[in-house]
Amino acid sequence: MDLRLSAPDRELQQRARDFTEQVLIPLEDECEEHDGLSPDSHATAKQAVLGWGFNAINHAVEDGGQGHDTFRQMLIEEQWGRATGALWDIPWRPSIPLARATEDQKDRYLRPACRGERRDAYAITEAGAGSDPSMVETSAVRDGEGWVLNGTKWHVTSGDVADFLLVHAQVDGDPAKPTVFIVDKDTPGVSVVRTPKYMHTFVFEHPIFALEGVRVGDGQVLGRVGEGYELTKDWFVEERLMIGARTMGASARALELSLDFAKRREQFGKPIVEFQAIEFMLADMAAEIMAAKSMLYRVCWQAARGGISRKELHALASAVKLLCSETAGRVIDRAVQVHGGRGYMREQPVERLYRELRVDRIWEGTSEIQRLVIGNELRKRGPDVYTGWPAEG
Ligand SMILES: Cc1cc2nc3c(=O)[nH]c(=O)nc-3n(C[C@H](O)[C@H](O)[C@H](O)COP(=O)(O)OP(=O)(O)OC[C@H]3O[C@@H](n4cnc5c(N)ncnc54)[C@H](O)[C@@H]3O)c2cc1C
């Protein structure tokens, strides 16, 4: 068993770290102070993404992406996760279900999105449908050659900068026919209801959208009618693994900042790192990061290597998301404590991370929903996927 990173992987990891240090972190203060970035900063950052080759890291080269496998995507996202303000969302990664688009849809949506000329946002959640997507009320009703969509979508991340939405709807209002529709935001009937404020500072917004009598043609169905859960599951698996990556990057930064602060800050005549109460908090942070990160690397390696079923990967991604996000929650809580009053100031990265990491236990399925997925796997197929170890062959 060789756990070492290859030279090309190490190089990619370093490039992602350099990008974070040179492009993303310098934007943190502006993002926090102005609750977002100026158009000039956005334009400069976009050019940087293209220049560094970090656009669409999750899509195939023939579609204009970078063609990185899950392991390499994780290495990149881990480094981006060090930045506050959700600046990791600046490098666009078109939703993975778009890889299943027809050639015509790829020409109209995926390929321009990979180039940074278009941007998507994924709209599943509704006022009455969160953890349970079968409660979705957005309907798509057949009308002549096309469809008419009606519904309201909540928390649509990056919906302000997206120019098309992937809308999860029930065909004929039937939960047995969940279907994803590609909806241009300028289609008549699409409107922003409101743009709520959230706990975190996020470089983009999460608007609520209304769809009222929105007419789309057959060419706007992504995949097949009734395939919506499958597509959305692919999206969840990828997003859950990348949440694991980003929370580990953020946790590592929180530990580094806390260690550095604890060595410099003196009280009672000595650096606070010399108090065992502080040292033990740092020790717990380090050990927990090591455990969660080891799991993240292993599962992403398995995903990249192949030979694992979609069901197994779905089950493993839930465990990664659960452990990494909950670890990050504990790590950042201690980081604020180590920083004392300074840890409560918005000008400190640990304060921002404290607010920002909270949502990682909620979105893309809450911690409770990840436990349900794991419990379901245990009941159906036993504990092997978690307690076993991948072998050769
Ligand atoms: C900042 C932000 C961005 C988001 N971005 C997007 C996006 O881009 N697209 C999108 O579609 N959605 C998005 N979401 C929505 C997010 O995925 C949901 O908020 C999440 O899935 C939980 O749904 P809910 O908020 O309706 O909570 P609910 O489902 O109402 O859950 C409330 C509580 O009940 C618990 N609960 C529910 N069911 C069970 C159960 N069976 N067993 C035990 N406990 C249970 C939950 O764990 C939670 O603690 C975003 C949310 C936020 C906050």
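Because the model is predicted, local features need pLDDT of at least 70 and side-chain atom pairs count only at pLDDT 80 or more, while totals for chains, interfaces and linings use all residues. Residues are numbered from 1 along each chain as its sequence is written, and side-chain values use heavy atoms, with hydrogens and water left out.

A pair of aromatic rings is described by the distance of the centres and the angle of the planes. Here, rings of Phe, Tyr and Trp (its six-membered ring) pair if their centres lie within 6.5 Å; planes under 30 degrees apart count as stacked, over 60 as edge-to-face and the rest as tilted. By this rule, the model holds 14 aromatic pairs. Helices (H or I, at least four residues) and strands (E, at least two) are DSSP runs, numbered from the N terminus. Phe19 and Trp52 are both buried, a term for under 20% relative accessible area, with exposed meaning over 50% and partly exposed in between (1.4 Å probe, protein chains only). Together with Phe54 and Trp80, Phe19 and Trp52 form one aromatic cluster.

Helix α1 also contains Asp9. With a relative accessibility of 13%, Asp9 counts as buried. The side chains of Asp9 and Arg72 are joined by a polar contact of 2.6 Å (a pair of N or O atoms within 3.5 Å; within protein, one must be able to donate a hydrogen and the other to accept it, and residues adjacent in sequence count only if both atoms are side-chain atoms).

Now to the ligand. Around the ligand are 19 residues, of which Thr125, Ser131, Thr157, Thr366 and Glu368 come nearest; a residue counts as near if one of its heavy atoms lies within 4 Å. A polar backbone atom of Ile124 is 2.8 Å from an oxygen atom of the ligand. For Thr125, a polar side-chain atom lies 2.7 Å from a ligand nitrogen atom, and for Glu368, a polar side-chain atom lies 2.6 Å from a ligand oxygen atom.
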